[in-house]
Amino acid sequence: MSVPARSDSRFERAAVERIIQRAAELQASEREIGDELSETDLLTLGREVGLPERHLRQALLEEQSRVAFPAERGLLAWLAGPRRLAAARVIGKPRPRLETELHRWMAEGELLQVKRRYPDQTSWEPQQGAFASLKRAFRTGGRRYTLARAREVAGQVVEVEQGRCYVQLLVDVSNTFREYVRGAATIGAAGALTTGVAFAIGVIAPVAVGPAALALPIALAVARSHRRRVEEYLVAIEQVLDRLEHGELDAHKALAPGEAGPLAKVADEIRRGLGF
C-alpha cells in the first residue's frame, strides 16, 4: 500500500527532531564505524554528515561532562525513588559570571556552604549553626531551602565556547532516602512485633494479625512518600538553572532587604550585637 506524498506537510518540533536524528543515523550508517572513535574521528564524521562543528563540539563536551548515575534497582529504589539526581543545560553567559552567581545563590538562597572545591567542580553542604537552622525552620524570605535538606549538592560549569557554558547540578539525597526507609521499616517492625506478642499471649488470630496488616500499608506509604521529596529536589535544581539562565541571581535580588522576614531581621540584629 503506497502512502500519498504531501508536498507541503508540516511537522511538530518533536517530529522534526526525530526525523533529523534518524537521517543523521542513516547517513552515518553508510560509513563503517568501529566500536570506538577518537575525538578527531568523531568531528570528521560529523562534518561528513553535515553537522556544524560548533554544535558537535558542544554535544561532545556535554557528553564528556555528563555524570551518568548507575540505574538503581530493587524494592527500595522502586518504593522510595533514586538517591542521586542531576539536571543540566547550556546557558549563554561567561563562566566567571555563572560561577559567581551560582556560589552566591547556594550560600544566600539555599543556605549551603562550600564543602569541597575541585578544578572543575564545587560541592556544597547545609550551613551549620543556630541562625541557619532558624532561617530554614521559619522559611525566611518566603524560601523553602529545599536543597539544604540534601546531603550534598555539586555544581559544574564548563565553557562550551566564548560566552556559553554547560552547567550541571548534582544532588545527593541519600540522607532523606535513609530517613524515609528507616521510618517505614520501624513502622513495619512495630506492627510485626505487636502481632507476634499478640499470638504469644493467645489473642485470637483475626485480632492478632491486625497490627501487622495495618502497619504494612502505612510503611509502604511512608517509603513511597520520598518520591514526592525527590520531585521537590528536581524542581529546586531546575529552578536554580532557570535563575542562572534568566539573570535572576543578581546580588541585590538575592539579598533584597525588603524581602527579609522579621525573624531574619531579628537574627541579624542579634548577630551584630554579639559581634558576629
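Guide: Here are some questions and answers on strands, a loop residue and a pair of helices.

Guide: This is a predicted model, where local features need pLDDT of at least 70 and side-chain atom pairs count only at pLDDT 80 or more, while totals for chains, interfaces and linings use all residues. Residues are numbered from 1 along each chain as its sequence is written, and side-chain values use heavy atoms, with hydrogens and water left out.

Visitor: How many residues of strand β4 are buried?
Guide: Strands here are DSSP runs of E, at least two residues, numbered from the N terminus. Buried means under 20% relative accessible area (1.4 Å probe, protein chains only). Strand β4 covers residues 152-161 and is largely enclosed by the rest of the structure, because the buried count out of its 10 residues is seven.

Visitor: Which residue in β5 is the bridge partner of Glu152?
Guide: Two strands pair if DSSP finds at least two bridges between them. β4 and β5 (residues 164-172) run antiparallel, joined by nine bridges. They form a hairpin with two residues between them. Across from Glu152, the partner in β5 is Asp172.

Visitor: Is Thr146 buried or exposed?
Guide: Thr146 sits in the loop between α6 (130-138) and β4. Leaving out residues up to four places away in sequence, Thr146 touches Glu110, Glu232, Tyr233 and Ala236 (contact means heavy atoms within 4.5 Å). With a relative accessible area of 8%, Thr146 is buried.

How values were computed: Buried < 20%, exposed > 50% of the residue type's maximum accessible area, 1.4 Å probe, protein only. Helix = DSSP H or I, 4+ residues; strand = E, 2+ residues; numbered from the N terminus.
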